[in-house]
Amino acid sequence: QARSMRTGLSKRLREALRRHGEGLTARELSTMLDSNNKAITRRLHEMPDAYIDRWLATTGPYAAVWCVVVPPPNCPRPTGKD
């Protein structure tokens with residue numbers, strides 16, 4: 001059951017980050033998904049397609065802005081000899 005919870009969170013994170021191509025902080029994701037900030041951050045670090053795009057200066061420590069890799073569509077097969 002814990003694995004399915006992690007998988008569900010990963011899916012929700014991936015969907016949110018794909019909708020917000022400019023990226024989101026863990027705090028923004030936490031608010032958006034109504035989930036624990038530490039769980040969000042831990043899961044982002046475990047996701048192979050998530051990465052820190054840049055850092056934002058805040059009143060506290062810098063905040064990582066997370067993005068996910070959006071895989072390109074499959075390359076179409078050649079239709080003839082060019």
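Predicted model: local features only at pLDDT ≥ 70, side-chain atom pairs only at ≥ 80, totals over all residues.
Started with Leu17: skipping its neighbours within four places in sequence, I find it in contact with Leu24, Leu29, Leu44, Trp66, Cys67 and Val68.

**Core**

Next I looked up the largest nonpolar core, and it has 15 residues. Which of them have the most contacts inside it? I get Leu13, Leu17, Leu29, Ile40 and Leu44. As a general reminder, nonpolar side chains in soluble globular proteins tend to be buried together.

The largest share is that of α1, with four residues.

**Helix α2**

I went through α2 (residues 26–33) for burial. Its buried residues are Ala26, Leu29, Ser30 and Leu33. Why do they count as being on the same side of α2? They cover an arc of only 105° around the axis, so they share a side. On the face turned away from that buried side I noted the exposed residues Arg27 and Thr31. Just after α2 I checked the backbone as well: Asp34 takes a positive phi of about 50°.

**Sheet**

I looked up the strand order next. The sheet is open, has three strands in the order β1-β3-β2, and pairs antiparallel. Which strands are at the edges? They are β1 (24–25) and β2, each pairing on one side only. Between β1 and β3, which run antiparallel, I count two bridges. For Leu24, the bridge partner in β3 is Trp66.

**Salt bridges**

How many salt bridges does a search of the whole structure find? It finds three. In general, side chains of opposite charge can pair when their charged atoms come close.

I took Asp49 and Arg14 first: their side chains meet in a salt bridge at 2.5 Å, N to O. This pair links distant parts of the chain, with Asp49 in the loop between α3 and β2 (50–56) and Arg14 in helix α1, 35 residues apart. Is Asp49 buried or exposed? It counts as buried, because its relative accessibility is 15%. Arg14 has 22%, so I put it down as partly exposed.

Arg43 and Glu46 came next, with their side chains meeting at 2.4 Å, N to O. Both lie in helix α3, three residues apart, or about one turn of the helix. Arg43 counts as buried at 16% relative accessibility, while Glu46 is partly exposed with a relative accessible area of 42%.

I finished with Asp53 and Arg54, whose side chains meet in a salt bridge at 2.7 Å, N to O. Asp53 is partly exposed at 39% relative accessibility. Arg54 is partly exposed too, with a relative accessible area of 34%.

Conventions
Residues numbered from 1 in each chain as written. Heavy atoms only, no water. Buried < 20%, exposed > 50% of the residue type's maximum accessible area, 1.4 Å probe, protein only. Arc of directions from axis to C-beta. Core = buried A, V, L, I, M, F, W, Y, C linked by side-chain atoms within 4.5 Å. Contact = heavy atoms within 4.5 Å. Salt bridge = Lys/Arg side-chain N within 4 Å of Asp/Glu carboxyl O. Pairing = 2+ DSSP bridges.
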